[in-house]
Amino acid sequence: MEDVKCQVCGKTVSLEIWNQAYEQFKHSRDHAFICPTCQARIRAEAKDSQGH
Ligand SMILES: [Zn+2]
């Protein structure tokens, strides 16, 4: 189990719970970890801004 801190909301997330997020995190060590909740929100916001 590995705890990482979301760079967006600052919440500590246990990656044992978020297996899919952990897979992404392992492949992007140099990038900021963003928790699934924030990822979903960012994706929704991106979709909104691209919808025009
Ligand atoms: Zn977050």
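## Overall layout

The protein chain has two helices and two strands. Read from the N terminus, the order is β-β-α-α. Burial is scored for the 52 residues of the protein chain, and 8% of them count as buried.

Contacts tell how the chain comes together. Take those in the protein chain with a separation of 6 or more: 44% of them come from residues 24 or more positions apart.

## Confidence

The mean pLDDT of the protein chain is 79. Of its residues, 73% reach 70 or more.

The helices mark the two ends of the confidence range. Helix α1 (residues 19-27) is lowest, at a mean of 68. Helix α2 is highest, at 89. Where pLDDT is low, the predicted coordinates should not be read in detail.

## Helix α2

Helix α2 takes in residues 36-50, which makes 15 residues.

Helix α2 is hardly covered. Among its 15 residues, the count of buried residues is zero.

Pro36 belongs to helix α2. It has 14 other C-beta atoms within 10 Å, so Pro36 is partly exposed. Pro36 and Gln20 are 16 residues apart in sequence. In space, their C-alpha atoms are 9.1 Å apart.

## Val13 in strand β2

Strand β2 covers residues 12-14, and Val13 lies in it. Is Val13 buried or exposed? Val13 has 22 C-beta neighbours inside 10 Å. The cut-off for buried is 20 or more, so Val13 counts as buried.

Val13 and Cys35 are 22 residues apart in sequence. Their C-alpha atoms are 7.0 Å apart.

Note on methods
Residues are numbered from 1 along each chain as its sequence is written. This is a predicted model: local features need pLDDT of at least 70, side-chain atom pairs count only at pLDDT 80 or more; totals for chains, interfaces and linings use all residues. Helices (H or I, at least four residues) and strands (E, at least two) are DSSP runs, numbered from the N terminus. A residue is buried if 20 or more other C-beta atoms lie within 10 Å of its own, exposed if 12 or fewer, and partly exposed in between; C-beta atoms are placed from the backbone. The expected span of a helix is 1.5 Å times one less than its number of residues. Two residues are in contact if their C-beta atoms, placed from the backbone, lie within 7 Å. pLDDT is the predictor's confidence in each residue, from 0 to 100.
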